[in-house]
Amino acid sequence: MTLSPAGTQDARQVWSAVLGHLELQVTRPSFHTWLKDTVGIRVSETDIVVGTPNTFVAEMLEQRMYSLITDSVNHVLKSQLDVRFIVTSAEELTPESPSDLPINHRNNDSQDSEKSRIPYRRISLNHKYQFDTFVSGKSNELAYAASVAVSQKPGLVYNPLTIYSDVGLGKTHLLHSIGHAASVAGRSFIYVTTEEFTNEYVRSIREGNTEAFRDRYRSVDMLLLDDVQFLIGKEQTQEGFFHTFNSLHMLNKQIVITSDRPVAKLNLLERRVRSRLSGGLVVDIQRPDLETRMAILSKKLEIANRQCDSSVTDFLAERLSSNIRELEGGLNRVFAYSEITQRPLSIELAQQALSDAYLDEKSTPISPDEIIEAVSEYFNVEFSSLTGPRGRKEVALARQIAMHLIKADTDLGPTAIGQALGGKNHSTVIKNCSKISARLVTDLSLQRDISNIRNLILS
Ligand code: ADP
Ligand code: MG
């Protein structure tokens, strides 16, 4: 790649090429956490300036990932540049979307617009997450229809609306779509992640201005709260949420919430909060079937204005079935791989791009204890009741699932598995494992449990 005169546009392109390379070097979670939201700001003969969403990310990249990053810069640009990190504003971080709205969108008076510039409220709606870029299929049609309905008749049809699913299946996409629709209709709303909500609430208590916090939240037509599971264990914030919720609900203001688990499984959430959520409509999003996955890939290609032989997309749709973020990431990775290696798109290339990307995940073997721990967390049973000698009936299924997973994901044989799980003998292990395998063919909820547990292990 050659450098033309320093300019923002160049910096963006250069940095996204570097990101394409880095995405192949680091694990998916770390790419997602540290790199995904960075943007090239300036590039010169000697250095490149990279914008990050906050100082935390900037420090992390500088202190922990610096050499990896400069290596990638060298690799992509074939020249040694210094990399500098700065904290950028939300506008700079979402450059392609001049129409993006600040998260606290409403008819501000001057005092309010001062408030909406408080630095920690910087997330804006992603312009890519709209209803018309959302592909609806069997797995998500209810959530989609409910989201459209609350956009059209906020506060009147389903209130609150709670959308839950595993990660990467479109909750945030729908929530942003509702925000966009609200702004087109001239309605005020707040989109906030539960983490930001918590930070703001805690800060308002510390600074003694809970009043202002309450007023701000109470004054909007719609509250869109993402990832409510992060309220778990935060009793003080649950209190704040509960009161915010009640004030808005009483005024028939629409509330939409997402969660990565069913409301009933938000067990550490106070009962009164849970019962508020169950009082509205709760819809879930399942994993997409093959047909929907293919439709999503075509949509993504259409949006990116790129072409790709259907054999390659079929391959990706078949291989990447667990979530849509992964599916999208796979498509991007294949394009990046083709650009970096200067080879045409083909199934072989796609295979290679995927196997490289998943290498580091596969290379760390999973231990039986990690599996048992995940199973115990998922079913909310004691670790020791899975590994102890006398099994209560209630934990029988959890124990069978643990057997199945250890057999599938580790090198342990049936005898060792039996020992790890309460001293069962090897024929019991074999029998239980076949039972689970047989059920898995048709039992969707079991399939879902197993995939949730695998996600827990990976996270
Ligand atoms: P979640 O919030 O459930 O973890 P996201 O909403 O962040 O998932 O979705 C992950 C990625 O997948 C996003 O890039 C999103 O645009 C995309 N995505 C999810 N569902 C769909 C869909 N039905 N159609 C198109 N893209 C989707
Ligand atoms: Mg999300």
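Student: Before we start, what should I know about the numbers?

Tutor: The model is predicted, so local features need pLDDT of at least 70 and side-chain atom pairs count only at pLDDT 80 or more, while totals for chains, interfaces and linings use all residues. Residues are numbered from 1 along each chain as its sequence is written, chains are lettered from A and ligands numbered from 1 in the order in which they are written, and side-chain values use heavy atoms, with hydrogens and water left out.

Student: Which residues of the largest nonpolar core touch the most other members?

Tutor: A nonpolar core is a set of buried Ala, Val, Leu, Ile, Met, Phe, Trp, Tyr and Cys residues joined through side-chain atoms within 4.5 Å. Buried means under 20% relative accessible area, exposed over 50%, partly exposed in between (1.4 Å probe, protein chains only). Here the largest core has 41 residues, and I163, L224, V256 and L316 touch the most other members. Helix α15 (residues 324–341) gives the most to this core, with 6 residues. Helices (H or I, at least four residues) and strands (E, at least two) are DSSP runs, numbered from the N terminus. Another core lies apart from it, with 25 residues, including V50 and F85.

Student: What does L316 touch?

Tutor: Contact means heavy atoms within 4.5 Å. Leaving out residues up to four places away in sequence, L316 touches L297, L327, G330, L331, V334 and L354.

Student: Why is strand β6 called largely enclosed?

Tutor: Because 5 of the 5 residues of β6 (residues 189–193) are buried. Look at both faces: F189, Y191 and T193 sit on one side, I190 and V192 on the other, all buried.

Student: How many bridges link β6 and β7?

Tutor: Two strands pair if DSSP finds at least two bridges between them. β6 and β7 (residues 222–226) have 5, in the parallel sense, and T193 stands opposite D226.

Student: Is S247 buried or exposed?

Tutor: S247, in helix α11 (residues 235–250), counts as buried, at 11% relative accessibility. A polar atom of its side chain lies 2.7 Å from the backbone oxygen of H243.

Conventions
Polar contact = N/O pair within 3.5 Å; in protein donor to acceptor, adjacent residues only side chain to side chain.
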